[in-house]
Amino acid sequence: MRLTREEQAMLDGESGEGVRKAMEIIIALGRIYQADDLVPISSVQVSGVSYKNLGDAGLDFLEEWAGQGARARVPATLNPAGMDLSGWQELGFSPEFARCQERVISAYAALGVSPTCTCTPYLIGYVPEFGQHVAWAESSAVSYANSVLGARTNREGGPSALAAAVTGRTARYGLHQDAHRLATVVVEVDTDIHSEADAGALGYLVGQQVRNQVPYLKMEKWEANESDLKTLGAAMAASGAVALYHIAGVTPEAKAQQMIADGASTLVVDSLKPAYQALDGSAGTVDLVSLGCPHASLAELEAIASYLDGRRIVTSLWITTARATREAAERENLVARLEETGARVVADTCMVVAPVDGLGFRTMATNSAKMAFYTPAHSRLSVRFGTLEQCLDAALSGRWRVS
Ligand code: F3S
């Protein structure tokens, strides 16, 4: 593999042990994927933040690396943590868990990674430009960066993303290269999409079928908004391992040029029913409603507040979002409006990475296919999956209304 003088110096340990270790990780990955060289990156998004998933071994690894003088040399952000970093007590998390989670955040801060704790960094100002190379780890954010923004990233793991932050490089393979960005499956979507839940259901079905390939969706008149696209990509990345998708006439690369590889196969999706059958359970009562997966935008918070204004919910309702988005919502009086209804605007975390199975909930309703897909295994709750309106009606009545 060709290295520049600066890269070779990093590998030789001239910038310290922490940087040498990072460069070794990048080069080892490059060798596995037969990269010819490394590519400079403009930002990094690091996963592996919740202490629930990291445990003591992960925490020790981070603290040791920070102690070796490794520091991010490009803007680097963090994925959600296992709790709201300031509101954890009110939400019922244990002090023991909180202490360990705070140590994780401190280790990342020492490594120069901003404690943004969100899976939607692109909603809080970290927006890569079209064609820019980045190294992001959270699968839904990877999907959004590649597909909706036209940036270039592979689906990094936690350590490889951190190594990329410390070196400012990643190996040039996979989605950093033009040829790997062409679609290998054309998906004829022959069913209407009416809600973000439908978008997630479609993503679930496509991801399940195409696994880690690049799909090219052909669909009639879909006015997809930002929320639809983030939930679609999150679901595809969860049920499969889709890191890039194209939609004819919608996503930027598909608008600019022919993005279908020779010999691409075809898949037809003519009903979303199989997704709802797989993701939606049968419980009649709901005691927790989870919205904001991927983390909610200001517009989504506004839509929820408008629906609930002047009413009082009877279940728990957690709307997860980035702290920066929560702060913006506070300035617009949105948090107060939502909290008057009984809802919580929870920052820094989500129901999949937080230890919610110890909080006494039994059935969770969500409008996110990704959340519905992961929750039974991660949090051992039963799930109802449907539209935002169905979820909010469940929050108001405690019962699930079948559409
Ligand atoms: Fe984000 Fe958690 Fe969903 S990390 S994409 S809110 S499962």
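How many residue pairs are in polar contact across the interface of domain 1 and domain 2? The rule finds three, both residues of each pair being at pLDDT 80 or more; a polar contact is a pair of N or O atoms within 3.5 Å, where within protein one must be able to donate a hydrogen and the other to accept it, and residues adjacent in sequence count only if both atoms are side-chain atoms. Welcome to a predicted model, in which local features need pLDDT of at least 70, side-chain atom pairs count only at pLDDT 80 or more, and totals for chains, interfaces and linings use all residues. Residues are numbered from 1 along each chain as its sequence is written, and side-chain values use heavy atoms, leaving out hydrogens and water.

**Domains**
- An automatic or database assignment divides the chain into domain 1 (5-178), domain 2 (182-272) and domain 3 (280-397).
- Between the C-alpha centres of domain 1 and domain 2 there are 27 Å.

**Where domain 1 meets domain 2**
- Contact (heavy atoms within 4.5 Å) links 18 residues of domain 1 with 16 residues of domain 2.
- Domain 1 and domain 2 bury about 1400 Å² between them, 63% of it on carbon and sulfur atoms; buried area is the accessible area (1.4 Å probe) that two parts lose on being put together, summed over both.

**A look at Thr231**
- Thr231 sits in helix 9 (residues 226-239), helices being DSSP runs of H or I with at least four residues, numbered from the N terminus.
- With 4% relative accessibility, Thr231 counts as buried, meaning under 20% relative accessible area (1.4 Å probe, protein chains only).
- Leaving aside residues up to four places away in sequence, Thr231 touches Glu196, Ala199, Gly200, Cys293, Pro294, Ser368 and Ala369.

How values were computed: Helix = DSSP H or I, 4+ residues; strand = E, 2+ residues; numbered from the N terminus. Buried < 20%, exposed > 50% of the residue type's maximum accessible area, 1.4 Å probe, protein only.
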